[in-house]
Amino acid sequence: MISTPKACRVELAGQQIELLPDPALWWPAERVLFIADLHLGKAATYRALGQPVPSGTTQANLARLDRLIDRHAPGEIVFLGDFLHAAQARTSQLLAAVEAWRDRHPALACTLVRGNHDSRAGDPPASLRIGVVDEPHPVGPFAACHHPQQQPARFVLAGHVHPTLKLHGRGRDSVRLPCFVQEGDQLILPAFGEFTGGWRVDAAPDRRFYAVGGDAVWKV
């Protein structure tokens with residue numbers, strides 16, 4: 001029996017939002033998915049440098065995107081930066097895989113907010129039909145960004161950090177999990193991409209953490 005992923009519902013900027021364990025952010029009222037740090041081609045970039053890293057991460061990432069789209073039927077996906085990892089990632093094999101993914105969802109609008117890796121990797125090919133904008137990009141009451149920041153009169157959705165937290169169990173048991181981090185009028189999303197690593201965010205009085213583990217997101 002396949003379990004149904006359990007989202008965590010929160011209110012941001014007066015809107016009902018779902019934090020998804022995929023991980024992604026779903027704005028159901030406007031049918032928009034926000035995804036941070038896909039980093040397509042990161043493993044291939046490392047392999048090009050002669051480092052023995054796993055293969056198949058691009059197909060795994062695209063399959064997870066397919067499942068999200070099938071489950072939520074979004075009208076738009078907003079990528080919060082770092083769509084491609086590096087110029088070396090622009091291989092014919094990778095671009096063909098992304099083209100095939102895009103062709104499976106021809107009616108879906110896609111927007112990329114440029115991140116630091118996008119500036120080096122270059123914009124996605126025009127054939128992918130992905131609109132490319134600079135941060136901050138207004139989406140209703142939100143400012144879609146790559147880098148965490150403050151924006152007057154808008155709630156910031158950002159990536160870049162690949163946030164994680166460390167949970168402690170009994171004895172010396174501990175586990176590190178990706179997480180969403182809210183601080184003031186800003187929410188940082190965990191990295192969507194496989195093989196992206198993470199940065200541990202320390203607790204602070206005004207920070208809220210939402211851990212991602214298995215098929216669930218929960219407030220810590």
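Student: Leaving aside its neighbours within four places in sequence, which residues is R64 in contact with?

Tutor: Contact here means heavy atoms within 4.5 Å, and by that rule R64 touches D22, P23, F192, G193 and E194, once neighbours within four places in sequence are left aside. Bear in mind that this is a predicted model, in which local features need pLDDT of at least 70 and side-chain atom pairs count only at pLDDT 80 or more, while totals for chains, interfaces and linings use all residues. Residues are numbered from 1 along each chain as its sequence is written, and side-chain values use heavy atoms, with hydrogens and water left out.

Student: Is R64 buried or exposed?

Tutor: A residue is called buried under 20% relative accessible area, exposed over 50%, and partly exposed in between, using a 1.4 Å probe and protein chains only. R64 has a relative accessible area of 11%, and therefore counts as buried.

Student: Which polar atoms lie by the side chain of R64?

Tutor: A polar contact is a pair of N or O atoms within 3.5 Å; within protein, one must be able to donate a hydrogen and the other to accept it, and residues adjacent in sequence count only if both atoms are side-chain atoms. The backbone oxygen of D22 is 2.4 Å from a polar atom of the R64 side chain, and the side chains of R64 and N61 are joined by a polar contact of 3.1 Å.

Student: Where is R64 found, and what should the helix span?

Tutor: Helices (H or I, at least four residues) and strands (E, at least two) are DSSP runs, numbered from the N terminus, and R64 is found in helix 2. The expected span is 1.5 Å times one less than the number of residues; helix 2 (residues 57–72) has 16 residues and should therefore span 22 Å, which agrees with the 23 Å between its end C-alpha atoms. Just after helix 2, A73 takes a positive phi of about 50°.

Student: How many strands form the open sheet, and in what order?

Tutor: Strands of a sheet pair through backbone hydrogen bonds, either parallel or antiparallel. Two strands count as paired if DSSP finds at least two bridges between them, and here 7 strands form an open sheet in the order 1-2-3-4-5-6-7, with mixed pairing. Strand 1 (8–12) and strand 7 (131–133) stand at the edges, each with a single partner strand, so one side of each has no neighbour in the sheet. Within the sheet, strand 3 (residues 24–27) and strand 4 (residues 32–35) run antiparallel and are joined by 3 bridges, and W27 stands opposite V32 in strand 4.
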